[in-house]
Amino acid sequence: MTTAVSAGRPSAVTARDLARATATRQRRGARLKLWAGAICTALVVLPVTLAGVLPLPGANTQDLSRRRLPPLSEGHLFGTDQLGRDLLSRVLHGGQVSLAVGVLAVLVSGLIGIAAGAAAGFFGGWIDAVVSRFLEAQLALPLLMMLLLVVALFGPSVTVITCVIALAQWPEVARLTRSLVLVEREKAYVAAARVLGLRSWSVLARHVIPNVVRPASLVVLLLLAQAVLLESALSFLGAGPQRPFATWGRIISDGQDYITTSWWLVTLPGLVIALLVVGVNLLGDGLRDRTRPRSGKGA
Amino acid sequence: MTPTPHRVPPPGHLTRRTVLRWSALGGAGVALGPLSACAGPTGAPGPGTLTLGLNRSLVSLDNKLNQFEAAVTVQRAVRQALTRIGPDLEPQLVLADRFEMTEPTAWTVRLREGVCYSDGSPVTVEDVATALRMYGKVPGSFLLGLFPELPTVEATGERTFLLRTERPLPVLDRLMANIHITPAKANRPEELRSGLGSGPYRVVRANSGAGEYTLARNTRYWGRQPSVEKVQVRFVPEESSRVVALRSGELDVVDTLTPDSAEQLIGLPGVTVQENVGVRMCQLFYNFRKPKGHPLADPRVRQALTYAIDGTALVDDVLTGTAEEARGVVPLALQGAVQTGTYAFDPGRARQLLRSLGADDLRLKVIWESGEFAGDTSVMEALLDMLQDVGVRASLQQFQPGGDILKWRQGRAGNWDVIGNGYSSPTGQALTMLQGMYGGTAEKERTGDAFMGYVIPRIERQLSAAATEVDDAERDRRLAEVQHAVWDTWPSLWAFAPKTLLARRDRVQGLALQAINSYDLTAIRLEG
């Protein structure tokens, strides 16, 4: 039996079929996630980054006669807090602390995780055993309790909190990197590099890591949202940087006493955190979806 | 081909599809059912049960170490003292029916006839003697600091005895309101986790770790039986949770409210907010352990800094009118307290004075423990802003409850300049508070027990002389003198006396909140 083929296309698959195909829908979904994630993230990150140049009152500038003004009050888009400070300014400056802690923490955890995971996956043997047992042991510990303990021991400061979150997050990156390296080390280019006389460390650093760093960095991006949430949780529980540093967790913690009379003190900072976390997760998902087919082709 | 006939189930026949539909409906009902409970009060106490929500954990029903005002209400419902502080801040007799100063250094006491513990055993003179010995052996006790010396017991009969001191102690009847009597055999120099009491309630369930207790009426109580059958005590640390629990009816009484919580509760149907003058002094106290030559060792610098603080704004805006700016070194509601001066807000003068004293580049570290007083964090952050306005760079360090602020206070940890602190007088007397805060000696300071390092021998001598004066009028005159002398040393950057605030459901009747932030549980009745 023959099928009628249109003159312009040497196939029975129409443009409509292509548009409805699973691959096309996945690609479209990935693009949508990417855009939505980028917009949500930008909506938070851009104002936070530019907080210093925006025409806003200082984050700690008090006006006790203008306490707890509702949103859209004169000169205060987000309203004011219990000491008459501009809530938008506090949220944006607080975001600088939270984001700085988050970014620094994921950078450090990413470096540790990629280095440890790559070494474990490539060399195997006792290095793999040590790294794997370490990360299993750490994953078995309740994360927040461990963070609170370390902060209680060393005191709450931006440096301590950054290090603590970084140390808390390296296992996830290390585990993924290890599995990626296990696949890569069996490929022909690694054998070729060895035959050419390259030392193991050189093969790992110059050939294997560059091939796994991209998917691993996507996990690092997803960890950014988790790091921001962890920092907020610590501040909420009173283990954040000392006052008067505004952090998102502290703004919400201070605002909860006014939840029935001044809803904006908790709701608006909460929405900002939610927007950032959803945005970063969507961005990470979208990037992962986009990189998958390409890595498939490459393999 | 004959089509297959479509089989229609007879009416009332139970098909598989019907079963699945009904199961899904039932499952949804089970899953969503609990959500409907969110619409109404949850865990509401029963008709005969009174539920109290404390903001600090009541780790024991003994008061040897755990002495915060709200705890007193519950502790005295189980264990009683010879006397208590009444609503007018005058001593009232409880286990004793006679408590008189018969000599300058001796008080004659007679135990009330028929007073007994909840197991029916009588309260004896030996129990009183043992209680005093045990309180005296507890290290780090706040109560011990209130006593210039602990009296000794000299039995003179089956129910009578003398309380002897080496020097006259004219307020002993008030001080003894803090010594709870327990059977001698069960008493230990530590916080008692169990044991009997002579109060109107007995403990039927206790979880000291969680700060939760269930008290039931003591059927063998020697006095008038309380109206409420059962009292549940819960520890709810979060202020917002306490407010929500009271609104939903889960709690009947929440005490020591913050001004903002009171604002949320005032005017709500079914809820009444009560307030009373307070006998607690909250202060931003200077560190008196600074070496000679340090700016804070100079009273003129301490005074200059006080001009930076806008007390009116703090009281009106931050504390929403639920406190009074201090006009003396102790709250004026206390007996024997006098007005000694007022804090003035004049930032220009503060800047000028600091410059002239060479302290214009001053840096201050302010420390405090969370919950030390209502609205603490807001007061501290406002303070920081005010100090910055006069060019003083200040930093804050907040300690969580259970942290090591005690070591800092005693000068055994880090360095600090100003501490946020609350101090109350459980006797209702100015003298007690003055002795606790300003009666520091070199000997006390060696163990870090002088209040924030405040050791000024001249003041201590004046206080000792007033404390041993048996003539009331003369004692008050001497006390007034010493309060003026203390004020002139500028011990606080700023101070205020918060009112005591309490909220209750309207079904709770007869609750009379006292100035010492406590109330008598036996007077309460439940309606509805």
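Predicted model: local features only at pLDDT ≥ 70, side-chain atom pairs only at ≥ 80, totals over all residues.
Colleague: Why are helix 2 and helix 3 of chain A called roughly perpendicular?

Modeller: Start with the general idea. Two packed helices are described by the angle between their axes and the distance between the axes. Here the angle is about 100°, and the axes are 8 Å apart. Angles of 65 to 115 degrees count as roughly perpendicular. Helix 2 of chain A and helix 3 of chain A are therefore roughly perpendicular to each other.

Colleague: Which residues of helix 2 and helix 3 of chain A meet?

Modeller: Helix 2 of chain A brings Val44(A), Val45(A), Pro47(A) and Val48(A). Helix 3 of chain A brings Leu92(A), Gly95(A), Gln96(A) and Leu99(A). By class, this contact has 6 nonpolar, 2 polar and no charged residues.

Colleague: What makes Glu445(B) partly exposed?

Modeller: Count its neighbours. Glu445(B) has 18 C-beta neighbours inside 10 Å. A buried residue needs 20 or more, and an exposed one has 12 or fewer. The count of 18 falls in between, so Glu445(B) is partly exposed.

Colleague: Where is Glu445(B), and what does Glu445(B) touch?

Modeller: Glu445(B) sits in helix 13 of chain B, residues 442-446. Leaving out residues up to four places away in sequence, Glu445(B) touches Gly440(B), Ala450(B), Gly453(B) and Val455(B). Ala344(B) is 101 residues away along the chain, and its C-alpha atom is separated from that of Glu445(B) by 32 Å.

Colleague: What makes a group of residues a nonpolar core?

Modeller: The members must be buried residues of the listed nonpolar kinds, joined through C-beta atoms within 7 Å. The largest nonpolar core has 105 residues. Leu82(B), Leu95(B), Ala308(B), Val366(B), Leu383(B), Leu387(B) and Leu434(B) touch the most other members. Helix 10 of chain B gives the most to this core, with 7 residues. Apart from this core lies another, of 66 residues, among them Ala59(A), Ala168(A), Leu176(A) and Ile252(A).

Colleague: Which residues does Val366(B) touch?

Modeller: Residues up to four places away in sequence are not counted. The list is Met380(B), Leu383(B), Ala394(B), Leu396(B), Asp417(B), Val418(B) and Gly420(B).

Colleague: How many residues does each chain give to the contact between A and B?

Modeller: Chain B gives 22 residues and chain A gives 18. On the side of chain B, the elements with two or more residues are helix 5, helix 6, helix 8, helix 10 and strand 16. Helix 10 of chain B gives the most, with 7 residues. By class, that side has 6 nonpolar, 10 polar and 6 charged residues.

Colleague: How do you know what the chain does over the annotated regions of chain A?

Modeller: An unreviewed UniProt entry annotates "transmembrane region" at several stretches of chain A, including 188-209 and 263-284. In the model, residues 188-209 of chain A are 82% helix and 0% strand, with end C-alpha atoms 15 Å apart. Residues 263-284 of chain A are 95% helix and 0% strand, and their end C-alpha atoms are 31 Å apart.

Colleague: What does the model show where UniProt places a "coiled-coil region" in chain B?

Modeller: The unreviewed entry puts that region at residues 456-483 of chain B. There the chain is 82% helix and 0% strand, and the end C-alpha atoms are 13 Å apart.

Colleague: How many helices and strands does chain B have?

Modeller: Chain B has 15 helices and 21 strands. Of its 528 residues, 45% are buried.

How values were computed. Residues numbered from 1 in each chain as written. Chains lettered and ligands numbered in written order. Contact = placed C-beta atoms within 7 Å. Helix = DSSP H or I, 4+ residues; strand = E, 2+ residues; numbered from the N terminus. Nonpolar A, V, L, I, M, F, W, Y, C, P; charged D, E, K, R; others polar. UniProt positions renumbered as here; feature names shortened; annotations may be inferred. Axes fitted to C-alpha atoms, helices over the stretch in contact; angles between N-to-C directions. Parallel < 35°, antiparallel > 145°, perpendicular 65-115°, else oblique.
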